[in-house]
Amino acid sequence: MSSKGLKPAIARPSARESLAAADAVAQQAGLPPASLSPRPPSSAPAAPPPAPTEEELVQVNIRVRRALGDQLADRARAEGTTQKVLMCRALAAAGFDVHPEDLRATPAPRRRGSS
Amino acid sequence: MAATVLTVASTKGGAGKTTIVMALAGTLAAEGLRVAVVDADPNRAYASWAEQAYEGPAIAVRAEADEARLATAIDELSPQSDLVLVDTAGFGNRAALLAMAAADAVLVPCTPSRADVEQAAKTLELVDSAARAARRAIPARVVPSRLKQATAVSRHAVAELDAAALPRTAAGIGDRVAFAEMTFSGRVPSGGDAAQEVAELVAELRKLGWLPPKPKAARARA
Ligand SMILES: Nc1ncnc2c1ncn2[C@@H]1O[C@H](COP(=O)(O)OP(=O)(O)OP(=O)(O)O)[C@@H](O)[C@H]1O
Ligand SMILES: [Mg+2]
């Protein structure tokens with residue numbers, strides 16, 4: 001095995017250094033770059049940070065082949081989450097700007113008597 | 001001195017990342033180490049467990065899924081902690097990359113399934129890329145996770161890790177009721193086989209220099 005033991009970290013890499021490294025890898029991997037500022041630098045007047053505002057909800061229905069539908073259902077069950085969350089994660093990983101609430105499974109209303 | 005930063009990552013969902021973070025954080029806090037956990041998963045599985053269920057010595061918890069704020073959180077927690085554990089989301093996102101780039105070492109949990117072994121290899125490649133970009137060594141090892149005791153599948157998966165020459169810890173985490181229960185009870189196993197496995201993992205990580213030394217008995221908290 002090739003991993004070496006660590007020297008105790010004398011100086012930790014700075015946040016900026018880590019972000020630059022993550023940025024380089026994100027670009028190779030096709031993910032949008034990491035940025036130190038929460039907003040992408042832009043010459044346009046700074047837009048307010050994407051605060052978790054109440055955004056309008058829209059319905060997106062998709063039809064896929066059965067094999068993928070089955071995989072989604074199985075995975076969602078195994079992870080105790082929803083198919084929507086699984087799809088939103090994949091979209092986030094592909095660089096889409098996904099609202100944090102869309103990455104969270106809304107707890108199913110708890111029925112009395114069920115555990 | 002700055003804390004050790006240990007990131008737990010895998011591009012595969014459900015590999016056991018959060019479970020390992022819960023077990024390591026609770027066990028090491030009980031030893032008396034000053035432990036901080038940064039939850040970089042937008043689902044906040046660790047953070048909500050820490051708020052609602054965890055019972056044990058204090059652990060500093062921050063939830064930051066934005067990579068810039070995550071970097072700052074690690075920096076801020078580091079001076080006041082012995083160990084900063086970072087739990088990441090089970091899909092390759094920017095926060096997970098940052099958590100790798102900022103780490104002293106990375107653990108990659110991997111369950112006994114072909115898909116997991118493949119994803120573990122991918123995760124290790126990401127760590128390598130982060131290390132190259134950061135121009136420093138970021139050692140990483142696979143931690144065999146959710147092993148079914150002495151089953152052919154588990155043995156096969158571990159053999160596959162070795163065949164693929166993926167570096168792994170000798171200590172593995174079994175698929176145990178005690179770990180599943182911990183997510184409800186908030187209590188980290190302190191006896192029995194589950195605790196023994198965590199202790200073996202801790203001992204191995206210490207040998208690698210990936211965890212701070214055990215504090216003197218005086219500081220250990222019940
Ligand atoms: N060693 C174990 N023994 C028993 N159950 C486990 C073990 N590890 C994980 N689990 C269970 O498997 C499920 C997924 O585990 P966990 O949440 O730790 O994975 P994860 O890698 O953090 O997932 P995600 O990628 O979604 O964040 C949980 O229900 C957890 O209780
Ligand atoms: Mg998790």
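**Reading a helix, a sheet and a ligand shell**

Modeller: Start with helix α3(B). Its buried residues are covered by, among others, α1 (15–28) of chain A and, from chain B, β1 (4–8), β2 (35–39), β3 (60–63), β4 (83–87) and α4 (94–101). Keep in mind that this is a predicted model.

Biologist: Which residues of helix α3 of chain B are buried?

Modeller: The general idea comes from the helix itself. An α-helix has 3.6 residues a turn, so residues three or four places apart point the same way. In α3 (residues 67–77) of chain B, the buried residues are Glu67(B), Ala68(B), Leu70(B), Ala71(B), Ala73(B), Ile74(B) and Leu77(B).

Biologist: Now the sheet. In what order do the 6 strands of chain B stand?

Modeller: The order is β3-β2-β4-β1-β5-β6, in an open sheet with parallel pairing. β3 and β6 (140–144) of chain B are the edges; each has a single partner strand, so one side of each lacks a neighbour in the sheet. On average, neighbouring strands of this sheet are turned by 20 degrees against each other, direction ignored.

Biologist: How many bridges join β2(B) to β3(B)?

Modeller: There are 4, and the two strands run parallel. Look also at Val37(B): opposite this residue stands Val61(B) in β3(B).

Biologist: Where does ligand 1 lie?

Modeller: Ligand 1 sits between chains A and B. Of the 19 residues around ligand 1, the nearest are Lys17(B), Thr18(B), Thr19(B), Gly90(B) and Phe179(B).

Biologist: How many residues of this shell are nonpolar, polar and charged?

Modeller: The shell around ligand 1 has 5 nonpolar, 8 polar and 6 charged residues.

Note on methods: Residues numbered from 1 in each chain as written. Chains lettered and ligands numbered in written order. Predicted model: local features only at pLDDT ≥ 70, side-chain atom pairs only at ≥ 80, totals over all residues. Buried ≥ 20, exposed ≤ 12 C-beta atoms within 10 Å, placed from the backbone. Contact = placed C-beta atoms within 7 Å. Pairing = 2+ DSSP bridges. Axes fitted to C-alpha atoms, helices over the stretch in contact; angles between N-to-C directions. Near = placed C-beta within 6 Å. Nonpolar A, V, L, I, M, F, W, Y, C, P; charged D, E, K, R; others polar.
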